[in-house]
Amino acid sequence: MKKSIGVSPNIETFFGTRDENVRLLEDGLNITINLRSNAIELEGGAKDVARAEQVFADYETLLRSGHTFNNGDINSMLRVLISDSNSTLRGLADAGRQRSFGRRTVQPKSSNQRRYLEAIEAHDMVFGIGPAGTGKTYLAVAMAISALLAKRVNRIILARPAVEAGERLGFLPGTLQDKIDPYLRPLYDALYDMLDPEKVDRYLEKNVIEIAPIAFMRGRTLNDSFVILDEAQNTTSEQMKMFVTRLGFNSKAVITGDATQIDLPNARRSGLLEAMDVLKSVEGLAFVHFDETDVVRHHLVQRIVRAYDEHKTRVAEQQMLLLAEPRHADAASAEKQAAAAALEAKSTSAEAKG
């Protein structure tokens, strides 16, 4: 099917750098898009052409209504739109408007990120599990700020286990806050990215936003709070149980972690892995899993995550083969011994007859 649609003013802003958004739409919907002097020509299956036409119509409507697309927004929305046939450009833009993230507009950059935001809105406890760079922590902090600014909660509490990533830092100088700050720096980074620095400092000073190691959570009941536990793969079983039982009235908890980056000493079982097993059938909470396709850092990070996953699979297969080899060898040896015993018994019987 071939269809021509009129060219609206400023349509070139839709195309993106080197027409990357057009190429994404072409690949995702399996259509061809050609820009003529006075029209855009769409060619492909009837259903796919209709969806592409709807995308351009929504874009024109949003521009006329004064919607501003930040750098990368269109590309992110198109990725979600392609992976979810029920979503529309206008619907995604309106959903982004409803959430106030301080000075930033945050759009989900994949269907899993969209599910993650929707799960946080719908459930009081959500686990976000996946590799580095998938936006687990950043989106959780964004949702916490949105809830605080909308006065749905009175404070934000951000917690992290104080575990080094495979190295021993020893005794750090300074006050207690100075000692734990290096472990909590990623949480500060997300806050300062979304709110004015003066506002963040004021919230921290008044304990409206509290950032602390998970050990400080014991014995507390957290009411009217948005609580985030980051790097949850480095919690012990006892710490995880302690954290998930802190939730008070009118509160939300988001637990984020990467099951492939456990830095616990002495190979202790991760509290996150245990929680995934123990809480999977508990009503009222949700698990959202990310993979390498959700990585929103440099495109190399996505390839690196995939390479490590493939390496892990190969190593696991090799270990299975090595474990299987002794069993095969033992079985072959047992067969040989049985054959030898049978032969010996046969020869003994022949001698006796003779």
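A surface patch here is built from residues with over 30% relative accessible area and no salt bridge, joining like charges within 9 Å or nonpolar side chains (Val, Leu, Ile, Met, Phe, Trp, Tyr) within 5 Å. A salt bridge means a side-chain nitrogen of Lys or Arg within 4 Å of a carboxyl oxygen of Asp or Glu.

## Ground rules

This is a predicted model: local features need pLDDT of at least 70, side-chain atom pairs count only at pLDDT 80 or more, and totals for chains, interfaces and linings use all residues. Numbering starts from 1 along each chain as its sequence is written, and side-chain values use heavy atoms, leaving out hydrogens and water.

Leu300, Ile304 and Tyr308 make a nonpolar surface patch of about 330 Å² (Shrake-Rupley areas, 1.4 Å probe, with only the protein chains shown as cover for residues). Ile304 sits in helix H12, residues 299-353 (helices are DSSP runs of at least four residues, H or I, and strands of at least two, E, numbered from the N terminus). Ile304 counts as partly exposed because its relative accessibility is 44% (buried is under 20%, exposed over 50%, partly exposed in between).

## The sheet

Three strands form an open antiparallel sheet, ordered E1-E3-E2 (pairing takes at least two DSSP bridges). E1 (2-6) and E2 (32-35) are at the edges with a single partner strand each, so one side of each lacks a neighbour in the sheet.

Four bridges join E2 to E3, residues 39-43, and Leu35 stands opposite Ile40 in E3.

## Around Arg79

Arg79 belongs to helix H4, residues 73-83, and is partly exposed at 44%. Setting aside neighbours within four places in sequence, Arg79 contacts Leu24 and Lys109 (heavy atoms within 4.5 Å).

Definitions and conventions
Buried < 20%, exposed > 50% of the residue type's maximum accessible area, 1.4 Å probe, protein only.
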